[in-house]
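Please consider the following model and the account of its architecture that accompanies it.

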Amino acid sequence: MRAVVEVLVASLVEHPEQISLKESINGNEITFELSVAQDDMGRIIGRKGRIAKALRTILKAAATKQKTYVNLEIVDPIVEDQVDI
């Protein structure tokens, strides 16, 4: 399942080396936390969230075959230039 996410996301972004994917498994539920470069966030989310919704639909279809539940969360990347005051 993880490979599906990595291949789909890598084909959408300009900076595939900055993809961060964390996987949490709880019983038959898998949660993926996806983070990409700030410049690529729009490519992953899409207009009105259409690309993100399509990614989730593909994952849910693949998960149904394995009798699991999959959740994809897209999180903001940590900007290294931010300074806490």
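In this predicted model, strands β1 and β2 (residues 29-35) are joined by seven bridges in the antiparallel sense. Within this pairing, Asn-26 is placed opposite Glu-29 of β2. Strands of a sheet pair through backbone hydrogen bonds, in either a parallel or an antiparallel manner.

The sheet as a whole is open and consists of three strands arranged in the order β1-β2-β3, with mixed pairing. Its edges are formed by β1 (20-26) and β3 (69-74), each of which pairs on one side only. From one strand to the next, the twist averages 15°.

Helix α1, which spans residues 2-12, lies across β1 and β2. Relative to β1, helix α1 runs at about 155°.

The largest nonpolar core comprises 16 residues, of which Val-9, Phe-32, Leu-34, Val-36 and Ile-44 touch the most other members. At least two residues of this core come from each of α1, β2, α2, α3 (50-66) and β3. The surroundings of Leu-34 may be described in more detail. When residues up to four places away in sequence are not counted, Leu-34 touches Val-9, Ile-19, Ser-20, Leu-21, Ile-44, Leu-72, Glu-73, Ile-74 and Val-75.

There remains the loop between β2 and α2 (41-45), where Asp-40 is found. Is Asp-40 buried or exposed? Asp-40 counts as buried because its relative accessibility is 0%, and the threshold for burial is under 20%. Apart from neighbours within four places in sequence, the residues in contact with Asp-40 are Val-13, Glu-14 and His-15.

Notes: Residues are numbered from 1 along each chain as its sequence is written. This is a predicted model: local features need pLDDT of at least 70, side-chain atom pairs count only at pLDDT 80 or more; totals for chains, interfaces and linings use all residues. Side-chain values use heavy atoms; hydrogens and water are left out. Two strands pair if DSSP finds at least two bridges between them. Helices (H or I, at least four residues) and strands (E, at least two) are DSSP runs, numbered from the N terminus. Axes are lines fitted to C-alpha atoms, for helices over the stretch in contact, and angles run from 0 to 180 degrees between N-to-C directions. Contact means heavy atoms within 4.5 Å. Buried means under 20% relative accessible area, exposed over 50%, partly exposed in between (1.4 Å probe, protein chains only). A nonpolar core is a set of buried Ala, Val, Leu, Ile, Met, Phe, Trp, Tyr and Cys residues joined through side-chain atoms within 4.5 Å.
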